[in-house]
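Work through the exercises below with the model open. Try each task before reading its solution.

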Amino acid sequence: MLPYPQIDPVAIAIGPLQIHWYGLMYLIGIGGAWWLASLRVQRFAPEWPKDKLSDLVFWVAMGVIVGGRLGYVLFYDLAAYTNQPSLILQVWKGGMSFHGGLIGVLLCSWIFARRNGKSFFELMDFIAPFVPIGLG
C-alpha cells in the first residue's frame, strides 16, 4: 500500500490569516485565464473594449466560485447545509464541485453573451482555450 502524502492545506499563515493552496490555485487559474483572454481579444476580437473583457472574467469567475460552492452544497451534503445554512458561507472549511462550477460558468456566460449582443456559442468558442488553465 502506498502512503498517502500529508500536505498541509495552508500555504501561508500570517497570524490568524491563512491562505490555502486551493485558494491560490483559483487565483492562478483565473489570473492565467485573464492573461490569455487579453492576448486572444487583441487577435480575435479587437473591437472588444478592455472593460468588457474584465466584465467577462468577473462573470465567469463568479460562475466558477458561486456555482462550485452551490453545486457542492446541493450535490454532496444538502442535509447538513439545510440543518445549518450558515455552513454554506464557511468556504474555508472546503467544498467545491466541478459540475456546479461548470453549470455556473455556462449560466453566467449565457447571461454575459445576451447582455453584450454575442451569441452563446461565439462566446464559448472564445472562452474554450481558457478551460485547461482553470482546470490545471
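Helices, in the H or I state with at least four residues, and strands, in the E state with at least two, are DSSP runs numbered from the N terminus. By that count this predicted model has six helices and two strands.

**Exercise 1. Overall layout**

Task: Give the order of the elements along the sequence, then the spans of the C-alpha trace along its principal axes.

Solution: 
- Step 1. Take the principal axes: the C-alpha trace spans about 50 × 35 × 30 Å.
- Step 2. Turn to contacts with a separation of 6 or more: 60% of them join residues 24 or more positions apart.

**Exercise 2. Surface and charge**

Task: What share of the accessible surface belongs to carbon and sulfur atoms? How far apart are the mean positions of the positive and negative charges?

Solution: 
- Step 1. The accessible surface comes to about 9,600 Å², and carbon and sulfur atoms hold 69% of it.
- Step 2. Of the 136 residues, 29% are buried.
- Step 3. There are 9 positive and 7 negative charges, and their mean positions lie 3 Å apart.

**Exercise 3. Helix 1**

Task: Check the span of helix 1 against 1.5 Å a residue. Then list its buried residues and name elements that cover them.

Solution: 
- Step 1. Helix 1 covers residues 21-44, which is 24 residues.
- Step 2. The expected span uses one less than the number of residues, so helix 1 should span 34 Å.
- Step 3. The end C-alpha atoms of helix 1 are 34 Å apart, so expectation and model agree.
- Step 4. The buried residues of helix 1 are G29, G32, A33, L36, A37, R40 and V41.
- Step 5. An α-helix has 3.6 residues a turn, so residues three or four places apart point the same way.
- Step 6. The cover over these buried residues includes helix 2 (50-76), helix 5 (120-127) and helix 6 (131-135).

**Exercise 4. The nonpolar core**

Task: Which residues have the most contacts inside the largest nonpolar core? Which elements give it two or more residues?

Solution: 
- Step 1. The largest nonpolar core has 17 residues, and W48, L56, L123, F126, I127 and F130 have the most contacts inside it.
- Step 2. Helix 1, helix 2, helix 4 and helix 5 each give two or more residues to this core.
- Step 3. Look at I127, leaving aside neighbours within four places in sequence: I127 touches L56, V60 and S109.

**Exercise 5. S86**

Task: Where does S86 lie, and how does its accessibility class follow?

Solution: 
- Step 1. S86 sits in the loop between helix 3 (78-83) and helix 4 (98-115).
- Step 2. S86 and L17 are 69 residues apart along the chain, with 21 Å between their C-alpha atoms.

Key:
Residues numbered from 1 in each chain as written. Predicted model: local features only at pLDDT ≥ 70, side-chain atom pairs only at ≥ 80, totals over all residues. Heavy atoms only, no water. Buried < 20%, exposed > 50% of the residue type's maximum accessible area, 1.4 Å probe, protein only. Contact = heavy atoms within 4.5 Å. Areas by Shrake-Rupley, 256 points an atom, 1.4 Å probe, with all protein chains shown as cover. Lys, Arg positive; Asp, Glu negative; His and termini not counted. Charge placed at Lys NZ, Arg CZ, Asp CG, Glu CD. Core = buried A, V, L, I, M, F, W, Y, C linked by side-chain atoms within 4.5 Å.
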